[in-house]
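This report goes through a single protein model, part by part. Please keep the sequence and the 3D view open while reading.

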Amino acid sequence: MMSDALTRRQFVAAVSAGSLAAAASKTVPAYANLTKKASQLALLGGEPVRKNKPWPDWPRCCWDETLTDSLLKTAKSGIWCRIQSASGTVPTFEKEYAKLMGAKSCVATGAGTQALHTCVEALGIGPGDEVITSPYTDPGTIQGILSARALPVLADLDVESYQLDPADVERKINENTRAIMPVHMMGQPCDMDSIMAIAKRHNLRVIEDACQAHLAEHRGRKLGTIGDLGCFSFQSSKTLACGEGGGIIGNDEQLMERCYTVHNHGTSRKGRTELIGPKYRMNEFEAAVLLGQFPGVIKRWRRRNENAAYLTARMKDIPGLTPQKLYPGTESGSFYLYTMSYHKDRFDGVNRATFLKAIRAEGIGLSEYIAQGLHREPWIDEILNSKVYKTMYSPERLRRYSEERNCPNCDRVCEEMVMLWASGPLLASQEEVADIADAIEKVYENRAKLRQV
Ligand SMILES: *Cc1c(COP(=O)(O)O)cnc(C)c1O
């Protein structure tokens, strides 16, 4: 008997799509031995794959005795600000973080956005100068450039890696370009071979926005140590977190001293006020939380990489979802986010919103991530009409800027993105992470039933 909800044509399509997919897949779907009710989509009344099982709750799950002791020690010491002691938590964290990342030094800041702005200022980049970066990122990337009243020039993406497309970066270079700011999206490396070659060819600085990319590696080097300077965020959601916090790493001691001076209201370590600079110092409580979190940081990074590799292997059997492309030379990621492209045409035309509804009903919290690229946000009109930008950039430059504000590949990435906040979930056991792949398989196998939802 046909169910009321299905026409005969849909029923045939549902059955044949399911059996074709089963035949195409070498492995029996993991849920195949479940009851009939369980193999029915939860969205259509079946049992969810995952029910009442919370994921490790980041960052609360890394809160332990060590972290509590570290924070209490700072509270009791009365050393609450970095300038009170050279052996306080902030200077200690800077030494430890630089060591962990294989960099000569580190300057801690109050946020990743502050770290990025500090680097732009320290490199002497300001009004009239241009920095090329990605439209697919946290607003902090762009604001790090805008705060220095430089022009953030947006290059388009590679649709498979979600990273800056080096060819478009090179097209957007002109005589005013001073730096490239590659953003290691999701915590995995950009095409650094190409980006560094372009920077060298055009004599440009490279500020890595590694705000999502703690501990990730490319050709034997940690992200953040490949360009001139690397920036990190320790905001709550990131894989090393203290609420709000940031850091700059680098190997050029002179440049790092300039970063220190800029972030310290323009005052050098010697106490001379030399430059224009905001006050962006990290406080001792934030560093105490970060130091208290250090003992497990490598273990958690390994676990996220192992679980990400497992998920990617499981996704090979699902033609409708393609995991983020990783460039040659990628040795590890941070897997702050685990991301995939959703191909509607390979899901029998089921749109992404419906897929996400079905997968959430199975107890797996996948989502869209960034709704639209920064090239579509109103800040562009703000700068095009502002006094300072009209003074510093020619009408011809601003007209061209307005014309070049389209990034079609970024638009496509925004439409196809399917994302898992991974800081917590990828710390779970592989058995639990299997729920994610099982739920995706289940929805994929039942995709024909979703066309009417
Ligand atoms: C989080 C983030 C930032 C900004 O860091 P904050 O600490 O939030 O200021 C910048 N860029 C990227 C890619 C980020 O993910």
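This is a predicted model: local features need pLDDT of at least 70, side-chain atom pairs count only at pLDDT 80 or more; totals for chains, interfaces and linings use all residues.

Residues are numbered from 1 along each chain as its sequence is written, and side-chain values use heavy atoms, with hydrogens and water left out.

**Helix packing**

Helices (H or I, at least four residues) and strands (E, at least two) are DSSP runs, numbered from the N terminus. Axes are lines fitted to C-alpha atoms, for helices over the stretch in contact, and angles run from 0 to 180 degrees between N-to-C directions.

| Helix pair | Axis distance | Angle |
|---|---|---|
| H3 (residues 65-77) and H10 (residues 284-293) | within 8 Å | roughly 155° |
| H4 (residues 89-101) and H10 | 8 Å | about 40° |
| H12 (residues 352-361) and H17 (residues 430-445) | 10 Å | about 130° |

Angles under 35 degrees count as roughly parallel, over 145 as roughly antiparallel, 65 to 115 as roughly perpendicular and the rest as oblique. A crossing is left-handed if the near helix is turned anticlockwise from the far one by less than a right angle, and right-handed if clockwise. Contact means heavy atoms within 4.5 Å. For residue classes, Ala, Val, Leu, Ile, Met, Phe, Trp, Tyr, Cys and Pro count as nonpolar, Asp, Glu, Lys and Arg as charged, and the others, Gly among them, as polar.

The axes of H3 and H10 cross at roughly 155°, so H3 is roughly antiparallel to H10. The crossing of H3 with H10 is right-handed. On the H3 side the contact includes Thr66, Leu67 and Ser70, and on the H10 side it includes Phe285, Ala288 and Val289. Sorted by class, the residues of the contact between H3 and H10 are seven nonpolar, five polar and one charged.

H4 packs against H10 at about 40°, and therefore H4 is oblique to H10. H4 passes H10 with left-handed geometry. Thr89, Val90, Pro91, Thr92, Phe93 and Glu96 of H4 touch Glu284, Ala287, Ala288, Leu290 and Leu291 of H10. This contact of H4 with H10 holds seven nonpolar, two polar and two charged residues.

H12 and H17 pack at about 130°, so H12 is oblique to H17. Their crossing is right-handed. Phe355, Ala358 and Ile359 of H12 meet Ala439, Ile440 and Val443 of H17. The contact of H12 with H17 has six nonpolar residues, with no polar and no charged ones.

**The ligand site**

How many residues surround the ligand? There are 14, and the closest are Gly112, Thr113, Asp209, Ser233 and Lys238. A residue is near a molecule if one of its heavy atoms lies within 4 Å of it. A polar contact is a pair of N or O atoms within 3.5 Å; within protein, one must be able to donate a hydrogen and the other to accept it, and residues adjacent in sequence count only if both atoms are side-chain atoms. A polar backbone atom of Gly112 is 2.8 Å from an oxygen atom of the ligand. Thr113 places a polar side-chain atom 2.6 Å from a ligand oxygen atom. An N or O atom in the side chain of Asp209 is 2.8 Å from a nitrogen atom of the ligand.

**Tyr369**

Tyr369 sits in the loop between H12 and helix H13 (379-385). Apart from neighbours within four places in sequence, Tyr369 contacts residues including Tyr136, Leu337 and Trp421. Met417 is 48 residues from Tyr369 in sequence, yet their C-alpha atoms are 7.0 Å apart. The side chains of Tyr369 and Gln212 are joined by a polar contact of 3.0 Å.

**Backbone details**

The peptide bond from Trp58 to Pro59 is cis, with omega near 0°. Pro59 belongs to the loop between helix H2 (36-39) and H3. Asp348 is not a glycine, but has a positive phi of about 55°. Asp348 lies in the loop between strand E12 (337-342) and H12.
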